[in-house]
Amino acid sequence: MSKKAAAASLLKLIVPAGKATPSPPIGPALGQRGVKSMDFCKQFNDRTKDIILETPTPVAISIKPDRTFTFAVKSPPTSWLLKRAAGVAKGAAQPGKEVAGTVSLKHIYAISQMKAKDPVMSHIGLDKICKSVIATAKSAGIRVVH
């Protein structure tokens with residue numbers, strides 16, 4: 001009888017850039033899968049040292065059956081980038097009725113270029129990514145000015 005090879009598990013977290021510590025949520029999430037969280041934290045902090053500290057950074061961690069791991073760092077969430085560009089702490093409570101802040105098309109283009117570098121977005125044109133960023137801004141109550 002042959003045994004089936006165990007599949008690698010995928011873990012997705014949002015970790016502050018350069019500030020990964022083995023405390024919750026990272027430590028327990030990796031610990032229950034048998035991975036040393038300190039090893040991940042050292043590698044993650046080294047890889048994100050060029051990003052502004054405290055930037056929420058999505059990371060996808062692939063854990064193999066032998067408890068080794070690889071991870072991919074993605075760009076920050078679009079809503080966070082928009083709120084930072086608009087200079088607001090949070091979006092509007094009632095989007096469409098009130099405006100939390102404004103961003104220019106220049107900001108939209110810069111955010112779209114950053115998002116286009118993600119492997120998931122490699123097959124999508126920049127114009128489509130711009131439309132997606134504008135839609136996210138609208139749903140957060142951030143006005144886009146020309």
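In this predicted model, E54 and K19 form a salt bridge, with their closest N and O atoms 3.9 Å apart. E54 belongs to the loop between α2 (37–47) and β2 (56–63), while K19 belongs to the loop between β1 (9–16) and α1 (26–31), so the pair ties together parts that are 35 residues apart in sequence.

**Salt bridges and their exposure**

- E54 counts as partly exposed because its relative accessibility is 48%, which lies between the limits of 20% and 50%.
- K19, the partner of E54, is likewise partly exposed, at a relative accessible area of 41%.
- D46 forms a salt bridge with K49, and the closest N and O atoms of this pair are 3.4 Å apart.
- D46 has a relative accessible area of 48% and is therefore partly exposed.
- K49 has a relative accessible area of 56%, over the 50% limit, and is therefore exposed.

**Helix α4: length**

- Helix α4 comprises 12 residues, 105–116, and should span 16 Å at 1.5 Å a residue.

**Helix α4: buried face**

- The buried residues of α4 are I108, I111, S112 and K115.
- Viewed down the axis of α4, these buried residues fall within an arc of 105 degrees, so they line one face of the helix.
- The elements that cover the buried residues of α4 include the helices α3 (78–86) and α5 (126–140).
- Also included in this cover are the strands β4 (101–104) and β5 (142–145).

Notes:
Residues are numbered from 1 along each chain as its sequence is written. This is a predicted model: local features need pLDDT of at least 70, side-chain atom pairs count only at pLDDT 80 or more; totals for chains, interfaces and linings use all residues. Side-chain values use heavy atoms; hydrogens and water are left out. Helices (H or I, at least four residues) and strands (E, at least two) are DSSP runs, numbered from the N terminus. The expected span of a helix is 1.5 Å times one less than its number of residues. Buried means under 20% relative accessible area, exposed over 50%, partly exposed in between (1.4 Å probe, protein chains only). The arc is that of the directions from the helix axis to the C-beta atoms. Contact means heavy atoms within 4.5 Å. A salt bridge is a side-chain nitrogen of Lys or Arg within 4 Å of a carboxyl oxygen of Asp or Glu.
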